Amino acid sequence: MPPRTFSLRNCRIGVIGLGYVGLPLAVEFARQGFDVTGFDVDDSKTSQINAGRSYIPDVPQTELSEVVKAGRLRGTTRMAELAEMDVIDICVPTPLRKTKDPDLSFVVRAVEAVVATLKRGQLVILESTTYPGTTDEVVQPMLESRGLKADVDFFLAFSPERVDPGNQTYTTRNIPKIVGGGGPASTEAAALLYESIVAKVIQVSSTRVAEMVKLLENTFRAVNIGLVNELALMCHKMDINVWEVIDAAKTKPFGFMPFYPGPGLGGHCIPIDPSYLSWKARQYGFECRFIELAGTVNSAMPDYVVERVAEALNTVRKSINGSRVHLVGVAYKKDVNDMRESPALDILALLSKRGAQLSYSDPFVPELQHGSQTLASVDVAAALAAAPDCAVICTDHTAFDYDALVNSDTLLVDTRNALRNRQSPRIFRL
Ligand SMILES: NC(=O)c1ccc[n+]([C@@H]2O[C@H](COP(=O)([O-])OP(=O)(O)OC[C@H]3O[C@@H](n4cnc5c(N)ncnc54)[C@H](O)[C@@H]3O)[C@@H](O)[C@H]2O)c1
């Protein structure tokens with residue numbers, strides 16, 4: 001199959017892994033007229049798709065149901081159907097092991113399924129975030145194990161997913177796509193494909209460059225968040241409002257980009273991806289000092305938040321032990337339902353260890369597992385009616401009634417500057 005065929009709407013697309021990344025991508029291909037099959041090991045996801053129900057907040061219900069009704073998207077757990085695909089896009093998780101080493105087991109399992117059905121002319125694209133070398137050192141040898149050759153018999157590329165869950169301005173459609181192939185034919189094939197669904201495609205010279213681009217982007221964020229978290233700690237000591245400093249600094253029209261302090265890193269990307277890079281760099285005898293330092297600062301933020309809770313309670317002669325502390329927002333960031341690596345979980349565990357009685361509000365997270373206990377979200381009004389000793393704003397969801405919080409008698413520890421422009425001696429900002 002010559003590469004040009006991949007830009008034709010009659011080419012069949014298989015997306016493996018229908019989560020925060022895979023589902024929006026599958027829907028976008030389907031919206032643009034492609035015949036799309038979503039593959040997942042989780043049959044609750046594939047059945048929800050087939051019933052036209054979206055479980056990812058960034059995928060509007062109507063967009064999903066329209067493409068399912070039109071017969072352009074369906075979900076399946078039958079990996080053997082990969083044989084019928086012209087393009088296979090892999091969007092499975094790339095977590096860390098407990099030792100902080102990359103866990104490529106999901107990628108390997110997905111690639112095994114592709115190997116089992118690989119056909120001449122197929123285009124295989126890895127989208128999962130991973131260390132430079134994954135595509136050519138791990139994926140390519142697996143795919144070539146049955147005799148077909150990459151860039152000759154089939155096409156192989158890496159194209160990092162750059163989606164930002166919850167971002168209404170930048171979505172799959174208008175975020176430029178980076179593409180690096182295992183050879184020129186593969187780069188061209190993948191670029192042609194994405195040009196049919198995204199506004200801009202940038203070709204780079206190899207899969208390794210494409211892999212590194214994504215890690216640079218996320219490491220840049222982790223390091224800058226580390227810097228600004230350290231600045232927040234410093235400003236607190238110096239009695240300077242760090243939020244006011246950042247707001248003023250960002251008026252500079254060049255050479256500065258605002259990052260904000262917070263209760264710690266969360267999500268499947270920023271806390272994890274830099275460790276993929278430092279792990280790989282160590283194999284070359286290289287130590288990533290910025291990554292390590294940012295990791296140390298960022299991972300200490302939940303402890304710092306708990307110290308601020310202790311400080312707040314101290315002003316009314318109370319201790320954490322025995323106090324009722326209410327967490328406002330537990331998802332890892334604003335207006336999403338994603339709890340992966342959420343710093344609120346660490347804050348909850350640390351407060352619990354120090355004897356606090358805990359409750360939480362989060363419209364996106366109805367239930368939360370805390371040790372052997374299942375906590376249920378209560379709305380902010382009900383929580384305030386129970387007069388907790390302290391409320392900690394961990395996630396600044398738009399839907400929260402911040403006025404109600406400020407007008408209550410509860411001590412407020414605000415880790416997100418959600419109460420900007422509101423003054424009260426009961427507000428303790430990060
Ligand atoms: N979430 C984000 O904001 C984001 C942004 C950019 C890139 N990424 C990267 O994209 C990748 C996927 O992340 P995500 O957030 O979509 O993960 P996710 O957990 O939301 O979704 C992954 C899906 O893959 C499925 N899966 C796992 N193994 C499978 C297999 N062998 N075959 C078929 N399906 C399988 C899971 O059941 C799940 O539905 C990761 O590498 C991540 O780093 C994520």
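**Exercise 1.** Which residues of the largest nonpolar core touch the most other members?

*Solution.* The model is predicted. The core holds 44 residues, and those touching the most other members are Val309, Ile320, Val325, Leu327, Val330, Leu351 and Val392. Next, assign the core to elements: two or more residues each come from α7 (207-238), α8 (242-249), α11 (301-314), β9 (324-328), α12 (343-353), β10 (357-361), β13 (390-393) and β14 (411-414). Of these, α11 gives the most, with eight residues.

**Exercise 2.** List what Leu351 touches, leaving out residues up to four places away in sequence.

*Solution.* Take a contact to be heavy atoms within 4.5 Å. The list is then Val306, Val309, Ile320, Val325, Leu327, Ala356 and Leu358. Another core, of 36 residues, lies apart from the one treated above; Val15, Phe155, Ala157 and Ala191 are among its residues.

**Exercise 3.** Give the strand order of the open sheet of eight strands, and name its edges.

*Solution.* Reading across, the order is β3-β2-β1-β4-β5-β6-β7-β8, and the pairing is mixed. Strands β3 (73-76) and β8 (201-204) each pair on one side only, which makes them the edges. From one strand to the next, the twist averages 25°.

**Exercise 4.** Which strands do helices α2 and α4 lie across?

*Solution.* Helix α2 (residues 43-50) lies across β2 (35-39) and β3, at about 155° to β3. Helix α4 (residues 105-117) lies across β1 (12-16), β4 (87-90) and β5, at about 170° to β4.

Definitions and conventions. Residues numbered from 1 in each chain as written. Predicted model: local features only at pLDDT ≥ 70, side-chain atom pairs only at ≥ 80, totals over all residues. Heavy atoms only, no water. Core = buried A, V, L, I, M, F, W, Y, C linked by side-chain atoms within 4.5 Å. Buried < 20%, exposed > 50% of the residue type's maximum accessible area, 1.4 Å probe, protein only. Helix = DSSP H or I, 4+ residues; strand = E, 2+ residues; numbered from the N terminus. Pairing = 2+ DSSP bridges. Axes fitted to C-alpha atoms, helices over the stretch in contact; angles between N-to-C directions.
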